[in-house]
Amino acid sequence: MRPVGIYIQVPFCQTKCTYCNFHTGVAPRAAYAPYARAVEREIRDWRAMFATAHLESAASLESAFVDTIYLGGGTPSLFDPADLARILEAVRTQFACADAGREVTLEADPETITPEKAAAWLAAGVNRISLGAQSFHDAELKAAGRLHRRADIFSAIAQLRSKGFDNITLDLIAGLPHQTAASWQDSVEEALRLRPEHISIYLFEIDEGSRLGRELLAGGTRYSAAAVPTDDAMADSYEFACERLSRTGYDHYEISNWALPGFRSRHNLKYWRREPYLGFGAGAHSFDGHWRWANAHDPAAYAAAIEQARLPVEQLEEVTPKQALNEELFLGLRQLEGIDLAPIEAQYRAQINADIGARIEELRAQGLVERSGSRVRLASARLAVSNEVFVALLD
Amino acid sequence: MDSRFIRNFCIIAHIDHGKSTLADRLLELTGALSQREMTAQVLDSMDLEKERGITIKAKSIRLHYRASDGQEYQLNLIDTPGHVDFSYEVSRALSACEGALLVVDASQGVEAQTVANTFLAAQHNLTIIPVINKIDLPAARPDEVKAQMESVLALPAADALAISAKSGLGVEKVLAAVVTSVPPPAGAAEAPLRALIFDSWFDAYRGAVVQVRVVDGCLRPHQQIRLCSNNEVYEVESLGALTPKPVVLEELSAGEVGFVIANIKRVADARVGDTLIEAARPAPALPGFEAIKPMVFAGLYPVQAHHYEALRDALGKLQLNDAAFFYEPENSAALGFGFRCGFLGLLHMEIVQERLEREFGIDLITTAPSVRYRITTTGGEVLEVDNPTKFPSPSQIAKIEEPVITAMIITGDDSVGAILQLCEEKRGVQKGFEYLSPARVMLTYELPLNEIVLDFYDRLKSISRGYASLDYHLAGYREGDLVKLDVLVGGEAVDALTLVCHRELSYERGRELVTRLRKLIPRQMFEDPLQAAIGSRVIARETISPIRKNVLAKCYGGDITRKRKLLEKQKEGKRRMKRVGRVDIPQEAFLAVLKVASSSEE
């Protein structure tokens, strides 16, 4: 039996953060419970829906056993814990679940956490909380459209700890408006003082997907666009964090992720290792090792499909051997331990470019990658420009 | 055909004054085309001509018109191009006519090309019929325009026809005026054949199709004809006229205009300005035209090296129909294999580029346009150099001469100050300053052509808010204190970015160029200098800073496809750049040179 990760998408937030480029939106509270019912039903009926649609893509996962569950969003912590419990129960009913090492993560925003919810989550089987702290500076949080403030982070962690959560990951974003070198360093230090088991650090991505990104690209000043740090400042922030975290016992195992020993995110590693995962909910993505598909992003369209017992898939793509090779390289290399080229070369003999060795050598000469035998990894000093490596290796 | 009933005429006008619309109305009125068959601006048949509202190729259309005296006349309308780049075509068209309709926009008044074309028509001794168009516009000022015609063009304008080509108002009177005012062609039908070639184009099935004006004698099928220029003999296969549909005829006699197909393989063999004579009855050649010489040169390179062959084929096809366009292979250290191309002007260059990209699907990098310099070496040798990279080293140059033009600019007096400043900045020498009316000024300047090919026209239009009009012609060569300005990227000279400019402007140009390039060249893996240099002396420097951040952020619930597409997009972006040393240079950077002089306005 193959292991599979389960991803549950909750595409609702109380407000949309200015930097957010995800398919999420603001919906009235009254929409939460019906959406949770729809997800439950999707989990219950997915095999039948695939069979009716004559799609073989998920067939290989029918008898897989679940070893990780991730409730992401959006802000799943907004939901009534009872609704989340029913969704998790549906997963356990429909799939064999591995007991040992099982990881069940819930994304939570600090201001949404109460002792009662924390207790209910734990009771429902959640054993890992991903806390969207982003910054410890109120001016930055405010400008980014976050609803929590510095104090909320401390109280959230205290509540989670007191209820017994022993696996907490904390997100920080480098590049928020008004962030300075000093304020960033302070956020990193505060995070370290809280000693979460895991830390994720993302660099603000300037693209068309977010309000702030669009404003920056258009040269405007709304959403504090003028106060967004430069690329260089973001790179400095990232490099500072790399340095500080590695000195304080955190293992930098993926470009954006650090963990205390034994606390790597098993679910997220599946993405980089091209292991299968099944996504449920509007806009959820799935991968069976060969096909990638995604549900309708619009919650209404998603709910309508489920209502009619139709497969809610809106994108379905067979990953070509060439694309698979590209993924092996750019996903695999995100992990700091790197990749072993030997099995990749063996598996993709027909696709791999004959000059791959020369390209890697050039990247090595440029100080972007390190090579030892058939193992290749990103140079730790140049992680902030890792796309340059991926693009050079892409075909 | 009795030449008493033939009238050959053209329409001359400043761009956008309604020449093509009037032509359409004339076709409609004479029944050459029914209204149903009319597409807008029939004579502009190339897509580009229609889109840009300009006429590039001259064409003649035969119309049949029954005048009020009951007599049927053959009217040959010879269309002329409207843009200054193609003014040589105007000359040719005029040679085939006895009369010209001079169309002036009732709200715009006399413009630079109005003056230039009137001057040309007078030189060809044409009868000029003044026509004031667009009189139905609220801003029409026909009386003022008449006054301008009289004072500026020295044309009696009291009886100028007032029309609206768009609505058809007064157009009937235009036809009547052509019959009564334009003299019938002279020339003897019995004399030995002499026919002037005033245009030609390439037809994939029939070879060169030649447009002629028969001056003397008669052309018939199966006649043996000779080209005066090369003495080659051909047999006339067929002949006829465009109505605008091609109509095959049995003869073209003295005074008539039409086309001839005579198994001439290449357009280059049927040179415009050449005379067709009978092989058996030689006659002296008619005065021809000066050969068209390209004035602006640039390198065209495929973005992707493997498109070289396709580019060569495409250039060959374009040249079949465009005798003014010239190309030869060249290679550049930065850009690889490509072609040096010669154009009549910037518009011509843009049109060729656009056709290559659009009709042939080839992505191009175009190097900065240059002109043809005349260099006298210290050894006394005179070289003509149209590519700055081919300049001899400064120590071997005794003298550099550059082509100069005489430019005529007509503008409102509110923008005169700014235009004078622009002309001074462009190293112009004022030759004339004349008030056409209290609010209109005509400036005459001698300007170096290389200043015009940069951005003169755009800036002229922008500082006059579109009101200034420009016409120019080549006026010879003038010695200049010119230097070659090199651009070095990462210490390597990039030949495709080399330009020639006046010594006094070189520091400023160099600085502007590297500043602009720094903005256009994305950050690279390494820090590299970007320098402008004259010889070995660096006059300006910027630094391409190393890229610090290019990393994917959070993965949205396993959406790998989005990440992959983002990387593929970056890859595609890199593919479209040219790598010099270790620096990737985007296409736009190669045209930065063009914009240098205007960067200060940004």
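Chain B holds 14 helices and 33 strands. Helices here are DSSP runs of H or I with at least four residues, strands are runs of E with at least two, and both are numbered from the N terminus. This is a predicted model: local features need pLDDT of at least 70, side-chain atom pairs count only at pLDDT 80 or more, and totals for chains, interfaces and linings use all residues. Residues are numbered from 1 along each chain as its sequence is written, and side-chain values use heavy atoms, with hydrogens and water left out.

**Chain B as a whole**

Of the 602 residues in chain B, 58% are buried. Buried means under 20% relative accessible area, exposed means over 50%, and partly exposed lies in between (1.4 Å probe, protein chains only). Take contacts in chain B between residues at least 6 apart in sequence: 69% of them join residues at least 24 apart. A contact means heavy atoms within 4.5 Å.

**A four-stranded sheet**

One open sheet of chain B has 4 strands in the order β18-β19-β17-β20, with antiparallel pairing. β18 (326-332) and β20 (364-366) of chain B each have a single partner strand, so one side of each lacks a neighbour in the sheet. On average, neighbouring strands of this sheet are turned by 30° against each other, direction ignored. Helix α7 (residues 308-320) of chain B packs on the sheet and touches β17, β18, β19 and β20 of chain B. The direction of α7 makes about 15° with that of β19(B). Axes are lines fitted to C-alpha atoms, for helices over the stretch in contact, and angles run from 0 to 180 degrees between N-to-C directions.

Inside the sheet, β17 (residues 296-302) and β19 (residues 336-343) of chain B pair over 5 bridges. Strands count as paired if DSSP finds at least two bridges between them. B:Ala298 has B:Cys341 in β19(B) as its bridge partner.

**Cysteines**

The structure holds 0 disulfides over all chains. A disulfide is a pair of cysteine sulfur atoms within 2.5 Å. For B:Cys97, the nearest cysteine sulfur is that of B:Cys10, 4.0 Å away.

**A histidine in chain A**

A:His297 lies in the loop between β14 (291-295) and α10 (299-307) of chain A. Its side chain makes a polar contact of 2.4 Å with that of A:Glu314. Leaving out residues up to four places away in sequence, A:His297 touches residues including A:His23, A:Gln315 and B:Tyr556.

| Residue | Relative accessible area | Class |
|---|---|---|
| A:His297 | 13% | buried |
| B:Cys97 | 6% | buried |
| B:Cys228 | 24% | partly exposed |

A polar contact is a pair of N or O atoms within 3.5 Å; within protein, one must be able to donate a hydrogen and the other to accept it, and residues adjacent in sequence count only if both atoms are side-chain atoms.

Definitions and conventions: Chains are lettered from A and ligands numbered from 1 in the order in which they are written.
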